[in-house]
Amino acid sequence: MVKLRQILNTISQQNCFLCSAKADGTTCLCQDCLGGLPPAPSPSCLQCGASATNQTCGQCLKHKPFYDETHARFSYAYPVDTIIQHYKYHHALYLHHTLAGLLQEKVMDATVDIIIPMPLHPSRLKERGFNQSLEIAKVIAKQHNITLDSTSCTRIKDTPPQSSLAPKERIKNMKDAFDCQATFTDMHIALIDDVMTTGASLNALAKTLKEAGASKISCYVIARTA
Ligand SMILES: [Zn+2]
Ligand SMILES: [Zn+2]
C-alpha cells in the first residue's frame, strides 16, 4: 500500500503539490506557489530565529540557549506547514528534495565541520518509516560536500510529541533525551531539523553536543514559528 502511494506520489510530482499547475522542474511547486511561501520571521533573534527587534531576544537573554545561531528558511505557516505535515505523515518522501532544495538556499557557513540531523527515537522511526530531518540533511550534506553524521547521536528518551506540550513542559520533556557516543572537540556543527517551535529539542541536542566538545552549533530549519 505504501509502495503504491509512493509511486503515485512520484508520478504526481510533475505538477505543483499545492495548486496542480506545472511544477518548475526542480521542485514539487510551481513558480507562483514558490514565490508565495511565508518568509522566515524578520527581523529576528540571531540566536533562536524567533521574531525580535533586537539581535538577541528577551527569551535568549534570560535563558541562553546552547546553540549559537539559527537559520530558518520559512515561517511555520500555511502552506509550509501543510507541505511539512504531508511529507512527515503521509510518506510523501518525494517532497524531501523540494524541502532540502529550499533550505539549501540558506548559505551554509564555510566553517561548518559536520552536519547532524535531529535524531528520532527508534520507536518513532519504526512508526514513521523514515527520519524526515535525516533525508533533508543527506541532500544538503552532499550538495555542500560536508560530512554527515547520523549515527553518533541517538535519542534515548521516547518523549511525547512536543506539539502536545506547553513550553515549560517541552523543556522538561527533553531533559536527557539524547546520548552522544563521539567527541566533537572544537567542531562547528550544523543541526538540521524540519520545524523549530520553542527550540527545546534543538537546545537539548546542542547541550549534549557542547558537552561532547563542540565549539559552535548552528541550527538550520525549514520552518520557524514566529
Ligand atoms: Zn502551485
Ligand atoms: Zn532568541
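Trainee: How many of the ten residues of helix α5 are buried?
Mentor: This is a predicted model. Helix α5 spans residues 95-104 and is largely enclosed by the rest of the structure.

Trainee: Which elements do the buried residues of α5 pack against?
Mentor: The buried residues are Leu95, His96, Thr98, Leu99, Ala100, Leu102, Leu103 and Gln104. Contact here means heavy atoms within 4.5 Å. By that criterion, these residues pack against α2 (31-35), β1 (69-75), α4 (80-89), α7 (132-144), β6 (188-196) and β7 (216-224).

Trainee: What is the arrangement of the four donor atoms around the zinc ion (ligand 1)?
Mentor: The zinc ion (ligand 1) is coordinated by the SG atoms of Cys16, Cys19, Cys30 and Cys33, at 2.3 to 2.4 Å. Four donors count as tetrahedral if all angles lie between 85 and 135 degrees. The angles here are 103 to 116°, so the arrangement is tetrahedral.

Trainee: Is Cys30 buried or exposed?
Mentor: Buried means under 20% relative accessible area. Cys19, at 40% relative accessibility, counts as partly exposed. Cys30 has 6% relative accessibility, so Cys30 counts as buried.

Trainee: How many disulfides does the count come to?
Mentor: A disulfide requires a pair of cysteine sulfur atoms within 2.5 Å. By this rule the count comes to zero.

Trainee: How far is the sulfur of Cys219 from the closest cysteine sulfur?
Mentor: Cys219 is buried, with a relative accessible area of 0%. The closest cysteine sulfur belongs to Cys48 and is too far for a bond. The distance from the sulfur of Cys219 is 9.6 Å.

Trainee: Which helix gives the most to the lining of the largest pocket?
Mentor: The largest pocket has a volume of about 770 Å³. Its lining has 31 residues, with Ile171, Thr198, Gly199, Ala200 and Asn203 nearest the centre. At least two lining residues come from each of α3 (58-62), α8 (167-173) and α9 (200-211). The helix that gives the most, with six residues, is α9.

Conventions: Residues are numbered from 1 along each chain as its sequence is written. Chains are lettered from A and ligands numbered from 1 in the order in which they are written. This is a predicted model: local features need pLDDT of at least 70, side-chain atom pairs count only at pLDDT 80 or more; totals for chains, interfaces and linings use all residues. Side-chain values use heavy atoms; hydrogens and water are left out. Buried means under 20% relative accessible area, exposed over 50%, partly exposed in between (1.4 Å probe, protein chains only). Helices (H or I, at least four residues) and strands (E, at least two) are DSSP runs, numbered from the N terminus. Donors are N, O and S atoms within 2.8 Å of the metal (3.2 Å for Na, K and Ca); water is not among the atoms, so sites may look incomplete. Four donors count as tetrahedral if all angles lie between 85 and 135 degrees; four count as square planar and six as octahedral if opposite donors are over 155 degrees apart and all others between 65 and 115; anything else is irregular. On a 1 Å grid over the protein atoms alone, a cavity is a set of points where a 1.4 Å probe fits but cannot get out, and a pocket is an open set with protein on both sides within 12 Å along at least five of seven lines; lining residues have an atom within 4 Å of a point. Grid points are joined across faces, edges and corners, and a volume is the space filled by probe spheres set on the points.
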